[in-house]
Amino acid sequence: MFTLYLTIFALAIFVGFEIITKVPPTLHTPLMSGANAISGITIVGALIVAGQTPLGEDALIGIIACGAVIFAMINVAGGFAVTHRMLEMFQKKG
Amino acid sequence: MNASEVTSAFGAGVEAAGWVVPVQNILYVIAAILFIFGIKGLTHPRTAVNGNLRALSGMLLAMVATLLMYKGEMSVWAGWYWWVAGGIVGTLIGLIAARLVKMTAMPEMVALYNGSGGAASMLVAGAVFMHFAHKAAGMAGEGGVTAELIGEAIRAENADPMQTYIATAVSGIIGAVTASGSFLAFLKLRGKFGGASTNPTLKLLNGLFFLIAVAFGVWLVLSPETTWLYWAVAVSALICGVFFVMPIGGADMPVVISLLNSFSGLAACATGFVISNTVLIVSGSLVGASGLILTQIMCVAMNRSWTNTFFGVMAEAGGGPSADEVYAGKVKSTSPDEVAMLLDGVQRVCIVPGYGMAVSQSQHVVRDIANMLIENDVEVTYGIHPVAGRMPGHMNVLLAEADVPYDQLHEMDAVNKYIEQVDVCIVLGANDVVNPDARTNPESPIAGMPIIDVDKARTCVVIKRSLSPGFAGIPNPLFAMDNTLMMFGDGKKALNELAEALKEN
């Protein structure tokens, strides 16, 4: 499995390089905040580990996972919202 | 539970909900495709809003797919209150911050979001690791938790123990460096924490704590039953991140922000290896690649190598001529009225903004002045240097906020092609990125850095508070050139006066 994941990783890096070199400098800030929002995908991991820790089991894991959900959602919600705000400014003059 | 009875990956299903796993996997693939097309949309201002919405729908899809696991051993609903509570709190904080932030504070905001992404990955890896240790403890009888039992707990969820351990350590290191580094970058951008420091001790400490974090990481891989080692990894990497960003200041911020951006993606990617989840690996590496490209662009735009930016020290400014020698008796100052007269009847004007425009928040006045000129049939363009400001594209965002059409924003190379035909070039709060020394003086610390050749314009008006040097700490011969006029004053105030003077003409 590990080699499969490594392959996926390598291919995704190449796809990333291919698309992102086409982004014009004007959009570099929205690209950065948009990409950042995508890195909030770690929310999937946070949801899984938080959801698998019912109270009564190791509560410490639940608390840490809850913290992870908070940080990841700040990243996701804030990242997409602020990118949208910026892009609307670019679009209205398009 | 015996390993052979279960056929699922961590976070994936068990027999009880056999349909869930394939559906989840398909949805994850669709989410990854939406991310790719989302970023593709960002290649043009017209398609960018839709691109961002596509990426957002990919994110929501991935989250829904995760929550489909509704029963069985792997159910994510057993502890639903943890993620409901965290989700509400995080979403509210994120949305409110996104709503309230001023466009001029965007670099700080991006730094904070980067940091929370890194912190999330660091915590997820830690929580997952503790989850396995907890399961192993459940399996252990009198003997206590051993590495074998943890390995069995991991295999029970169809993951590979060695991959999990290594990815956990890597995720902890990258996530923690991203978190603390971004937070320090945030403080620095707010001006709450000193500028650049050339103290070599900081770089030594950075390297030292990195090695300590790696050493704890190796130890963790070798003896995973010692769970506190993960937090030792995380804490030493947090300290490493602080020393990593501490020596970097001012004009190098665009490079750091881009690199931290890349790190936040790579941390998510490493977390993907921890929980054996492909959507995390794909999206994390997309972000990682994006950040690396931006870092590269920023380094090229400053003619500095990666190693020089992060581990080197800028050449001492002492070698060059002193400010007095450069400026003595040659600087011509001017007034808003004179500049207004100068602008009367010209054909081409190019405005070159720098960080000073962001500080004085003068983008709206700039737009007003440009519009007045355009009404008088003057051709107005903006020359944007790639590293002007504190993050990639900083100037573009500010000018877009002021409703400047993006086709007026020209890149450095484009501007340099026609700069000799520009009648008046207005340099607003920029310094090092227009210093002709970079082109003409091979001894200069910024020699070879690509600049906007504003000195080649027929007349160059520099709006600046004083003759104080920019980040490179060197005098700028541009200010003493025959075709340069200095309009001293605070950016916004000076521009307001210029706007008034233009109206009267």
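## Basis

Residues are numbered from 1 along each chain as written, and chains are lettered from A in the order written. In this predicted model, local features need pLDDT of at least 70 and side-chain atom pairs count only at pLDDT 80 or more, while totals for chains, interfaces and linings use all residues.

## Sheet

Strands are DSSP E runs of at least two residues, and helices are H or I runs of at least four, numbered from the N terminus. Strands pair if DSSP finds at least two bridges between them.

E5(B) and E6(B) pair over five bridges. Ile463(B) stands opposite Met487(B) in E6(B).

## Helix H13

Four residues of H13(B) (336-343) are buried: Pro336(B), Val339(B), Ala340(B) and Leu343(B). Buried means 20 or more other C-beta atoms within 10 Å of the residue's own, with C-beta atoms placed from the backbone. These four share one side of H13(B), because they cover an arc of only 105° around the axis. The arc is taken from the directions from helix axis to C-beta atoms. An α-helix has 3.6 residues a turn, so residues three or four places apart point the same way.

Their cover includes strands E1 (348-353) and E4 (424-428) and helices H15 (363-375) and H19 (491-504) of chain B. Just after H13(B), Gly345(B) takes a positive phi of about 85°.

How values were computed
A residue is buried if 20 or more other C-beta atoms lie within 10 Å of its own, exposed if 12 or fewer, and partly exposed in between; C-beta atoms are placed from the backbone. Two residues are in contact if their C-beta atoms, placed from the backbone, lie within 7 Å.
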